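Please consider the following structure together with its sequence. The explanation is set out after them.

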Amino acid sequence: MATWRQRIRPEQIRELSLVVLIVAALLIFAWQIENFLSARTFNRIAGSVAIIGMVAIGQTLVVLTRNIDLSVGSIVGFTAYFVGAQLAANNDMWPLAAVALAAAVGGAMGLVNGLIVAYGRAPAIITTLGTLAIYRMLLINYSNARTVTVDSLPPWVVDLSRQNLLMIGDFAVRPLIVATLVAVVVFQLVLGYTVFGRRLYAIGSNPEAARFAGLPAQRIVLTAFTLCGMLAGLAGFLFLARFGNITAVAGQGIELESVAAVVVGGVNTFGGSGTALGALLGAFLIDLLGQGLLRWLGISEFWRDALLGLLILLAVASDAVLLGWLRRLWAERAEVAHAR
Amino acid sequence: MHAAPVLEMRDISRRFGSTQALDGVSLSLYPGEIHALLGENGAGKSTLIKIMTGVHQPDSGQILLDGRPVRIRSTLEAQRLGIAAIYQEPLMYPDLNVAENIFIAHADRGPWVDWGRLYRDAEEILAQLDVRLDVRQPARGLSVAAQQTVEIAKALSLQVRVLIMDEPTAALSAHEVDQLFAIVQRLRDQGVAVLFISHRLEEVFRLADRITVFRDGRLISSAPGNETTPEQAIRDMAGRSIEQLFPRRDTVRDRVLVQVRNLGRTGIFSGISFDVHEGEVLGFAGLVGARRTDVGLALFGIAPADRGTITIDGHPVRITNPTQAMRHGIAYVSEDRRGLGLSLPMSIAANITLPALHRYLSPIGLIRRTAEIAAAEEYRRHLSIRASSVDVEVSRLSGGNQQKVMLSKWLNTRPRLLILDEPTRGIDVGAKAEVHQMIDDLAAEGIAIILISSDLPEVLAMSDRVLVMREGRQMGIFSRQEATQERVLAAAMGQSALVTG
């Protein structure tokens, strides 16, 4: 009895409970909705989780340092359009170069955020609210009310969202979700096993102690924002591959969805705890609930944002109440165990 | 001449955990009298003030106001009873103006602000104190002295009968002190009872009608100001009982590790010069506000010195950030475990290895968890940190065990100079003895230690030599034989005449 309690930390309970919630939601929807457990549903969720999940990983890095990045939606939109326009103009562009371009453009935008927050000492929420508007404005100016269309893109781009790498029964594993899963594995390792990852947690959980330990806090925050921008840039590329038709409003609202995924995924908004895997699970749960409830209750798409908002509030409330309660319980058990 | 005391504390006791902060203390404050309270750090002065102002409740004893027993359950209630306190750092609302700050606590002025009346009333109160201050000026940018005047005006506006002043002169210039004293004397003449707390003996003897000395939570002496002397007051303050005098083993001091000459930081401290040898414990003694911690922070590069030299192993070094300090083998264990020291949601192991993570990397740059945990495990056993494993979050540990994690964390940087800032504050007697044992062991291993502690018996017992500071200045360095409680206290209070005597 005592051993599993010592192994599992309250934060991991959060991830386990997410898995339980996901399974429960799947069962309820499968029972209530005809044909819910179909390849079509799965592929739809996978396509959208690929994009939100990629952004949520970056958002996790930033939130771990007690900051937030609201400009990710604009970064996704801008890179999707920008890379789409380049590919449309030059159909022979090497695929890897297109991906690298997306990451570089997003990274540059994240770098600007990071410079302002880390070195300008401006609050992240205000800074990125500003750049949210500015990056969107850049896109509107750059696009000049034109649209990137599927027909203008080289065929390999659009194929990314249709190609089946692997079939498990009727379920298709497609490149987009694979890219995001790879990113999750990479950043799960980065957070758990690198100096940078450890420092992210340290800065988020106690910035003053981090300063006393000689950690370069500004540089680490800058890196977190830059990586967040790069991942949003990559998500922009996935967005382009998924939809093909890109307008000036592409990616709007992704900032809300990514924050929701991160918060529901158990990343502490006061910094210092959370994982990339949790953020992905959060993104998955949100999308699953969105798809399921829309079909089950027959509610309109407009309810989606309200649902997101509700989930954020629920997650934050359960963070404060439930996690606190769990921690107390754990502490008592630990004391009892120690007394023995 | 005094008919009856306005406030009478009778047989007050208060305990915090294992510390008896106040032990059967009785004290009477008379109208029109300035009563000074003296005592070393931790003598129980602050606890008494907090009981008077309703922050703490006494475990036993009685409080009488005008001869009637009262209970003071909150600061608001204290205010209503006419008891107010002002502190070294006044609590102002910086964006409100002087008049608003004076009347902020008033609930009886109606829901609308009558600005004309507000300014008139404020000016009237300031006139009572005979000070000129623009009542429309925002509090931001006022000098500390002016802010204190506003606090006093605020107290006056609430019909104060007992005014408690806790170290009000610590941040003032000599001229401002004179002005403050004029105001205090005017208040006394108006019949206010003043309780005055200061570490500056000359001020106390200049101002006070009665002088009371506390030690170890007890009242040691209380006498009219003209019937006692500074020498007597210091004798009363010293002589603290030493519960468990730790037997330090003899150390060999032959190799100077760090040489500090004329170190200073503008406006904070100046003229600090000392040597620390390998294997030596150099104690830093002084009262609150002596700026000992600031010297530690300067050596560690958090708030770097801007004057003077630091020499390590004979080489002059410049230390402007903690990374440089660590590179020179300096570690600083802060007194504020929660605020500055530990990352509470992280595990014991992650906390211990944080400043030296680069030692636990595999060739491809990933953290080797096994090596990390093995290192942390060793500290857990060596310092007997009580936890089921090193994966436990630090937030779940007791204060004493958190302190040991802090020490482990900094010992793991393999320091040559270890700065310990109040290493035993707020931990229980058992853990305290363990920390003392560890200091002795570390010194025996050849680590140079600077021990900053407000616990005078602790500094004297643990140190090979004691450096005494007072208000940012070095008052002297005493050898183990010379360092008696009287001498160190006299130096800490600026009574240098007594030091040689």
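Predicted model: local features only at pLDDT ≥ 70, side-chain atom pairs only at ≥ 80, totals over all residues.

Residues are numbered from 1 along each chain as its sequence is written, and chains are lettered from A and ligands numbered from 1 in the order in which they are written.

Between the chains, 20 residues of chain A are in contact with 27 residues of chain B; two residues are in contact if their C-beta atoms, placed from the backbone, lie within 7 Å. On the side of chain A that touches chain B, at least two residues each are supplied by helix 9 (195-205), helix 10 (207-212) and helix 14 (303-339) of chain A. Helices (H or I, at least four residues) and strands (E, at least two) are DSSP runs, numbered from the N terminus. Helix 9 of chain A provides the largest share of this side, 5 residues. Its composition by class is 10 nonpolar, 8 polar and 2 charged residues, where Ala, Val, Leu, Ile, Met, Phe, Trp, Tyr, Cys and Pro count as nonpolar, Asp, Glu, Lys and Arg as charged, and the others, Gly among them, as polar.

Chain B is assigned domain 1 (7-237), domain 2 (241-329 + 416-501) and domain 3 (349-414), with bounds from an automatic or database domain assignment. The C-alpha centres of domain 2 and domain 3 of chain B are 26 Å apart. Their contact takes 9 residues from domain 2 of chain B and 8 residues from domain 3 of chain B. On the domain 2 side, helix 15 (residues 429-444) of chain B gives the most, with 3 residues. That side of domain 2 of chain B has 7 nonpolar, 1 polar and 1 charged residues.

Chain B also holds an open sheet of 6 strands in the order 6-7-8-3-9-10, with mixed pairing; two strands pair if DSSP finds at least two bridges between them. Its edge strands, strand 6 (83-86) and strand 10 (218-224) of chain B, each pair on one side only. Strand 3 (residues 34-38) and strand 8 (residues 193-197) of chain B run parallel and are joined by 4 bridges. In strand 8 of chain B, B:F196 is the bridge partner of B:A36. Helix 6 (residues 174-189) of chain B packs on the sheet, touching strand 3, strand 7 (162-166) and strand 8 of chain B, and its direction makes about 150 degrees with that of strand 8 of chain B. Axes are lines fitted to C-alpha atoms, for helices over the stretch in contact, and angles run from 0 to 180 degrees between N-to-C directions.
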